[in-house]
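Visitor: Could you take me through the charged pairs and the chain contacts here, one question at a time?

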Amino acid sequence: MSRQSLARFAPSRRTLAIVPPFVWLGLFLLLPFLLVLKISFADLKFGIPPYTSLAEIKDQTLTIGLHLRTYALLFTDSLYIATYLNSVKMAAITTLCCGLIGYPMAYYIARSRPAQRNLLLLAVILPFWTSLLLRVYAWVGILRNDGLLNHVLMWLGLIGSPVEIYRTDLAVYIGLVYAYLPFFILPLYANLVKMDLRLLEAAHDLGARPWRVFFSITLPLSMPGVVAGAMLVFIPTVGEYVIPEMLGGANTLMMGRVMWNEFFNNADWPMASAVTCVMVLLLLIPLVLFQYSQVRQLDDGRKGAA
Amino acid sequence: MSDDLLMAPTGSAHPDDFVRIADVVKIFGDTVAVQSVSLSVRRQEIFALLGSSGCGKSTLLRMLAGFEEPTSGRIYLDNEDITALPPYRRPVNMMFQSYALFPHMTVESNVAFGLKQEGVPANEIHERVFEALDLVQMAGYSRRKPQQLSGGQQQRVALARSLVKRPKLLLLDEPMSALDKQIRQKTQIELTRILEQVGVTCIMVTHDQEEAMTMADRLAVMSEGQIVQCGSPQEVYTFPNCRFVAGFIGSTNFFDGVISVDEPDHVLIESDQLARPLYVNHGVSEPLGMNVHVSIRPENIRVQREQPELDYNWAHGMVNHVAWMGSYVRYQIRLDSGLVIEASVPALMLTQDDAPGLDEEVYACWASGTATVLPS
């Protein structure tokens, strides 16, 4: 009896299972973010570290100095606003392209024979076995004015002089779509492969032609996979640094690059921190929306089971 | 069209034949799923394809629906060759085993789906959807999603969805397999009532002989891709044409024997498993000396303590097991030859005190008209 009453105070197994990921997230995500948030409200200062501290005790007086310079600049300077808008635009277009290319690929893989399926999946994952940096360098070689692509196009007689792709937005799009395509394909494939094919047969049976079946059954039922894939592409693309830096031109504005510049070229830690904080918030909104839609779907399923 | 009918390899085109399957073969890789099946189904008939799993009945159904194309042979519906038509052009609808209701649509949209594909005007769709839902008594659930319904309710919606387009032919794939045993029988009768009310021609596939016998006007027993016997449930039960059918439809007792006397009005069959010969007075065309199987249904075997007066059609043995099933008592009797036979005795004919009990010596006997002689 006493053991039972004591057991009430012991953490349940459920709690024990949930605690480690929370501790992990707290230590390695929340805490660093709070540090960055703190720095974003500081002012620039020469020395180490190169920013003022938020709170100071001098002559028994606690002074808390919240500097809003960075945020004021962020929301008034058209360069920053343009960078944010451009990053979101580029991420959105990349996501769309990944969807248009990735959907047919995922669909094809999910509908091929099981033995062939694994081979095709392997082909999708294979590029991950080499470093991203290396693969982006390979794209430099392909897209350069005297690169592979221009050589082939000129040899085919399609163009007279080299087309300038390297160091343009187009090159960045190519690089982004290339690098993030697998992130779209994999969750969508997982969704499509477990779809009940009898539903498609039922739709055929009821008089729907193949394209109608796709748009009224397959596509709506695969939306969770599409949303998951889109999030996995969109979120990292907004903050992407390597690809725009290596393939983009001087006027390819993306947040990752601005952050790098503020941090390393201008040594403006508070500004870099502010750029980061706003970006995190910008990414949080779609994530929360996504989470919300997932939870709602789970709830629907549960209601059905009850 | 008439040319096609003349060229049809088997079966004459009877005016009553609404669905005609002519010499259909289906081969997957190196397995023959359906072997030269010919079959006719009449208008407004409920026809059951009965067989254990892998016998080819589902493949045949899928060919009728258009999901598979026959390797050879033709399928006619209402005198039209539909063999090569894709499923979405056939006036055929199917109720799937798992119902295959669209999970992202409400009950109403599920039922309306087929009509929308036809381009039926919206107000007519609404009218016909509710007509169909009324028929299956599901009109009150039109806004629900399929996963919010019970198995029985899902089945009704699936039925409404497959009837709403007024198909010439309705296909039912194992219609009761997803339901609990308790509600199955009630549902079978209700489904039959709805189908008769609508007057649709229906082909169903099932592995459950009771289901086929409850619902079907006629049935075909399939085995290894072929139709073994086709007829009304009563015909097939009473006059099975082979050992497989006799054993598959209902339970039965088999005796192996040799025809020893062949008279115009009866035969005698000697069996090692029985001390006395079997006397059969009907339907035996097998010659003298031939090895045959004799099937006697458990309900035709009487169990008694006294030795019968005749010197044939009985056996002596010991009660091996007794099970009171309510309306009847199931006896297992171990004959002197070691063979165990089963007898179902109506409970009305016994009182519990008087009935032969376990390990009691009894005589099992049967009337000469109840045995069926099977060549194989």
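Visitor: Which residues of chain A are linked with Arg69(A) in a network of salt bridges?

Guide: This is a predicted model, in which local features need pLDDT of at least 70 and side-chain atom pairs count only at pLDDT 80 or more, while totals for chains, interfaces and linings use all residues. Residues are numbered from 1 along each chain as its sequence is written, chains are lettered from A and ligands numbered from 1 in the order in which they are written, and side-chain values use heavy atoms, with hydrogens and water left out. A salt bridge is a side-chain nitrogen of Lys or Arg within 4 Å of a carboxyl oxygen of Asp or Glu. In the network of salt bridges, the residues linked with Arg69(A) are Asp43(A) and Asp268(A).

Visitor: How many salt bridges are counted over all chains, and how many between chain A and chain B?

Guide: Side chains of opposite charge can pair when their charged atoms come close. By the salt-bridge rule, the count over all chains comes to 19. Between chain A and chain B, the count is one.

Visitor: Which residue of chain A forms a salt bridge with Arg62(B)?

Guide: The contact between the chains, meaning heavy atoms within 4.5 Å, involves 19 residues of chain A and 24 residues of chain B. Glu201(A), Asp205(A) and Leu206(A) supply 34% of the area that chain A buries against chain B, more than any other three residues. The closest N and O atoms of the salt bridge are 2.6 Å apart, and the partner of Arg62(B) is Glu201(A).

Visitor: What is the area buried between chain A and chain B?

Guide: Buried area is the accessible area (1.4 Å probe) that two parts lose on being put together, summed over both. Carbon and sulfur atoms give 60% of this area, and the total is about 2000 Å².

Visitor: How many residues apart in sequence are the parts that Glu174(B) and Lys57(B) tie together?

Guide: The closest N and O atoms of the salt bridge between Glu174(B) and Lys57(B) are 3.8 Å apart. Both residues are buried, where buried means under 20% relative accessible area, exposed over 50% and partly exposed in between (1.4 Å probe, protein chains only). Helices (H or I, at least four residues) and strands (E, at least two) are DSSP runs, numbered from the N terminus. Because Glu174(B) lies in the loop between strand E7 (169-173) and helix H6 (181-198) of chain B, and Lys57(B) in helix H2 (residues 57-65), the separation of the parts tied together is 117 residues.

Visitor: Is Arg128(B) buried or exposed?

Guide: Glu124(B) and Arg128(B) both lie in helix H4 (residues 122-135) of chain B, four residues apart, which is about one turn of the helix. Their salt bridge has its closest N and O atoms 3.3 Å apart. Glu124(B), at 32% relative accessibility, counts as partly exposed, whereas Arg128(B), at 10%, counts as buried.

Visitor: Where does Arg166(B), the partner of Glu131(B), lie in chain B?

Guide: The side chains of Arg166(B) and Glu131(B) meet in a salt bridge at 3.8 Å, N to O. Arg166(B) is exposed, with a relative accessible area of 52%, and Glu131(B), at 47% relative accessibility, counts as partly exposed. Since the pair ties together parts that are 35 residues apart in sequence, with Glu131(B) in helix H4, the place of Arg166(B) is the loop between helix H5 (151-163) and E7.
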